[in-house]
Amino acid sequence: MVAESYNPPLFSVAPMMDCTDNHYRTLARLITKHAWLYTEMFAAETIVYQEENLDRFLAYSPEQHPIVLQLGGNNLENLAKATKLANAYGYDEINLNCGCPSSKVAGHGCFGVRLMLDPKFVGEAMSVIAANTNVPVSVKCRIGVDDHDSYNELCDFIYKVSSLSPTKHFIIHSRKALLNGISPAENRTIPPLKYEYYYALLRDFPDLKFTINGGINSIDEVRAALREGAHGVMSGRAAYHDPWNILGHVDTAIYGAPRSGLTRRQVLEQYQVYGDSVLGKYGPRPHVRDVVKPLFGFFHSEPGNGLWKRKADAAFQHCKTVKSFFDETLVAIPDSVLDSPVAAPSGRKDLFANISTLLPPAYKAKEEELCASF
């Protein structure tokens, strides 16, 4: 159950399918000690049906704390079983995915963002999850789905879920989802961002906690969101595609820790030890390409990045260890890039300037009507 004093993390890395796996989280934790990390979404059914093979999905190194497990699903019994099975792994929070627009998830699977259309079920699901764990629970959602995109409809969802369950923390991706056949990538760019919806939720639900997500691509923008009152900020693709320049500032700029002086070379030396220790752990996987994948953005915008990627493509054909891969490819990166600590943040415009003038009218809960719909 969520404690009354619960506060969400100031900064977290979003759960991303095929991205926030053990390899990426290991790299992220080498760069930042304070950011909260999320797993990929695991369908409850996967956990239940793979009970004899759970380490492959749920195991992680203790260094990855604080870490959140994200579940997906629309079956209460399986969500309960999956939560119970996950308890043995000691996650710091359990999150339910109510935001994924993928056709496999929200379409054929009838969960993910489609759950926003059934807040009563989400409330029941969160109660079931909370009843089977001793850690906080949270919901990650969009601001709407298709034509169900008014501020009042978003508030109805938040009101019902929080009234029916112990959920006190919502991560709000500040775009609606379109389920008309556009791709997940297009769902991250085509629907417009409406940060005013997020900040209105802070106003209208003072007893709840909200993390803002979507379109926040620099540490300066993270700080701007926090200055405007955000309880927490979540970064997704930016933290994945440019981990050094995003995550490298989190501990100092967000959490006030002293500068570590860490260099890319030092991170890679530690990551190589990890990478070679896990190669072939599950038969043929992971192989070198799997382990190196999170590094594809490590030299973002730096001299030698293009040459390094070309060398990487060739090295994947024959390198059997991460060490041999690095020996063959890192000659493309200048020493000045490898041995310099993270640079100062580059200034970005304030995404949230004048946000208070854009807030929709205050939400007025029609409690009798809402309670009747429970």
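Is Cys 19 buried or exposed? Cys 19 is buried, as its relative accessible area is 9% (buried means under 20% relative accessible area, exposed over 50%, partly exposed in between, with a 1.4 Å probe and protein chains only).

1. Basis of the note. The model is predicted; local features need pLDDT of at least 70, side-chain atom pairs count only at pLDDT 80 or more, and totals for chains, interfaces and linings use all residues. Residues are numbered from 1 along each chain as its sequence is written, and side-chain values use heavy atoms, with hydrogens and water left out.

2. Cysteines. A disulfide is counted when a pair of cysteine sulfur atoms lies within 2.5 Å, and by this rule the count is zero. For Cys 19, the closest cysteine sulfur belongs to Cys 100 and is 12 Å away, which is too far for a bond.

3. The loop residue Leu 115. This residue lies in the loop between α5 (103-108) and α6 (119-131) (helices are DSSP runs of H or I with at least four residues, strands are runs of E with at least two, and both are numbered from the N terminus). Leu 115 is buried, at 4% relative accessible area. Leaving aside neighbours within four places in sequence, its contacts (heavy atoms within 4.5 Å) include Gly 73, Asn 74, Leu 96, Cys 98, Cys 110 and Phe 157. The C-alpha atoms of Leu 115 and Gly 99 are 8.2 Å apart, although 16 residues separate the two along the chain.

4. Helix α9. In this helix (residues 219-227), the buried residues are Ile 219, Asp 220, Glu 221, Val 222, Ala 224 and Ala 225. They pack against β1 (11-13), α8 (195-204), β7 (209-213), β8 (232-235), α11 (243-247) and α12 (250-254). Gly 229, which follows α9, has a positive phi near 110°.

5. The α15 and α16 pair. The axes of α15 (residues 305-315) and α16 (residues 322-329) come within 9 Å and cross at roughly 135°; axes are lines fitted to C-alpha atoms, for helices over the stretch in contact, and angles run from 0 to 180 degrees between N-to-C directions. The two helices are therefore oblique to each other (under 35 degrees is roughly parallel, over 145 roughly antiparallel, 65 to 115 roughly perpendicular, and the rest oblique). Trp 308, Lys 311, Ala 312 and Ala 315 of α15 meet Phe 325, Glu 328 and Thr 329 of α16.
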